[in-house]
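Reader: I would like to go through this model in short questions. Please keep the answers brisk.

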Amino acid sequence: MCGIVGIVGTSSVNQAIYDGLTVLQHRGQDAAGIITIDNNTFSLRKANGLVKDVFHTRHMKRLQGNIGIGHVRYPTAGSSSSAEAQPFYVNSPFGIAMAHNGNLTNAEELKERLFTKARRHVNTTSDSEVLLNILAYELGRSDKMKLEPADMFNAISEVNQQVSGGYATIAMIIGHGILAFRDPHGIRPLVFGKRETKRGVEYMFASESVALSIDGFEFVRDVAPGEAIYVTEDGQFHSQICANKTMHAPCIFEFVYFARPDSNIDNMSVYATRVNMGTKLGEKIKREWADKDIDVVIPIPETSCDIALEIASVLELPYRQGFVKNRYIGRTFIMPGQEQRKKSVRRKLNAIDREFAGKNVLLVDDSIVRGTTSAQIVEMARDAGAKNVYFASAAPEVRFPNVYGIDMPSAAELIAHGRDVEDINASIGSDGLIYQSISDLKDAVALENPEITRFETSVFDGQYITGDVNQDYLNRIDALRNDSAKSTREKAMSASLELHNQETGEGE
């Protein structure tokens, strides 16, 4: 998962992009980048690390211009090398930069086609660079020195016909403006807003609405599935649906875990959907666990807090904050490498013993993916004196890998893959385990926008919305995503960096 921002302004946009990225930091902690246009020249800064660590005063002074895009990243199938940090850019035609959130399911086929048909070389393993080169090729098919909105939309229509997967994208074209577009299923989120200044209207695009509000932009709406929006350098706004067939099916995991609660996505309050999840799950617990003498409901911070509070209300039980979170430790779900995840859990959370001692506690989490974190938290609750530890997941069993931009583990590393609830319960060591049903989860989110009748739920049911994902593809991403493969890549990168430092004298 990544976070993207783009602004066409009337004055320097570097600080607004920086501020927008800071509130999207939860979407990616591996790398960050900003690119701006000033005097028809790109200025770029990107590197591994958090936003606050990547950009210093000297970088911000160099990132001048009234138009720019930014990106925060964590790696999916590709490497975590800084060479794959975004935004990417190509020099022809005009000069195009791109920030992309999502994953292309036919990236390898597209890469081959780019080389044989367009003689374009892709220099990284990132599908974002593939998407950028396809867009560049389609825009370059026009012999005009100044592209019109129709040329932009024709290029996006061609891109949509070739590309499959989930993608929310912001591209920036020198001498023209910003071009933002979303896949025909609307899997990955993208919103835009505007603000009035004395010099004119400014437009901003972002993965979540919270980035708009932090920068003082008024939320306008979500970019529609298959829609492209072109805003010229002088603020002229153009939009068009650029797909022959669209079907709005947003990724439901955005609401379960990824998005901030103060965001609105696809006309749905993330906070409200999580309250609804709590209501649904609380009602299920009330029906199915009437025999369990639960004393207290405790969330595993932070995503599940709103859900757990509602569960406590439905069950008429006390709600307590039994864990204190160290806010300076990253989200374990998006940390590369299983060993790093294991080591981080007890540094991340600490139990308040008096909230557990002698009690039957109900722990609530947003989801269970590998189960490693869940097992350690159950153990922490027992160490703090809990008599019985019950566990509730606000999402159904995660049984299948995600192929649309979420770095789910390989199938074999998902605790629910090929297992029933009793087996999972035994694996994490709880005294009882209950999951939200997939129908209740869909209903909980759809309550906020009844116009959306379909969601991308492949991690729960194995039904991939684009219809082009087969077992061969799943086997291929499994080989890339399993922890053994990631460990091998990390060791290779470390060895390469060490050799580079030895040869250049850097790092001394």
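Author: A note first: this is a predicted model. Helix H13, residues 421–428, lies across S20 and S21. Its angle to S21 is about 125 degrees.

Reader: Which strands does helix H10 lie across, and at what angle does H10 run to S19?

Author: Helix H10 covers residues 305–315. The strands it lies across are S16 and S19. Its direction relative to S19 is about 135 degrees.

Reader: In what order do the four strands of the open sheet come?

Author: The pairing in this sheet is parallel. Strand S16 (296–299) and strand S21 (432–435) each have a single partner strand, so they stand at the edges. From one strand to the next, the twist averages 25 degrees. The order is S16-S19-S20-S21.

Reader: How many bridges join strand S19 to strand S20?

Author: S19 spans residues 360–365 and S20 spans residues 388–393. The two run parallel. Asn-360 stands opposite Asn-388 in S20. The number of bridges joining S19 to S20 is six.

Reader: Now the cavities. How many are there of 30 Å³ or more?

Author: Rolling a probe the size of a water molecule over the atoms shows where empty space is left. With a cut-off of 30 Å³ or more, the cavity count is three.

Reader: What is the volume of the second largest cavity?

Author: Its lining includes Leu-110, Ile-134 and Gln-162. The residues of that lining divide into five nonpolar, one polar and three charged. The space in the second largest cavity is about 70 Å³.

Reader: Which helix gives the most to the lining of the second largest cavity?

Author: Two helices each supply at least two residues of this lining: H4 (107–118) and H5 (127–140). Among the lining residues are Arg-113, Leu-114 and Lys-117, along with Tyr-137 and Glu-138. With five residues, the one that gives the most is H4.

Reader: Is Ala-107 buried or exposed?

Author: Ala-107 lies in helix H4. Its relative accessibility is 12%. Buried means under 20%. Because 12% falls under that cut-off, Ala-107 counts as buried.

Reader: What separates the C-alpha atoms of Ala-107 and Val-130?

Author: These two residues are 23 residues apart along the chain. Leaving out residues up to four places away in sequence, Ala-107 touches Asp-127 and Val-130. The C-alpha atoms of Ala-107 and Val-130 are separated by 6.8 Å.

Definitions and conventions: Residues are numbered from 1 along each chain as its sequence is written. This is a predicted model: local features need pLDDT of at least 70, side-chain atom pairs count only at pLDDT 80 or more; totals for chains, interfaces and linings use all residues. Side-chain values use heavy atoms; hydrogens and water are left out. On a 1 Å grid over the protein atoms alone, a cavity is a set of points where a 1.4 Å probe fits but cannot get out, and a pocket is an open set with protein on both sides within 12 Å along at least five of seven lines; lining residues have an atom within 4 Å of a point. Grid points are joined across faces, edges and corners, and a volume is the space filled by probe spheres set on the points. Ala, Val, Leu, Ile, Met, Phe, Trp, Tyr, Cys and Pro count as nonpolar, Asp, Glu, Lys and Arg as charged, and the others, Gly among them, as polar. Buried means under 20% relative accessible area, exposed over 50%, partly exposed in between (1.4 Å probe, protein chains only). Contact means heavy atoms within 4.5 Å. Two strands pair if DSSP finds at least two bridges between them. Axes are lines fitted to C-alpha atoms, for helices over the stretch in contact, and angles run from 0 to 180 degrees between N-to-C directions.
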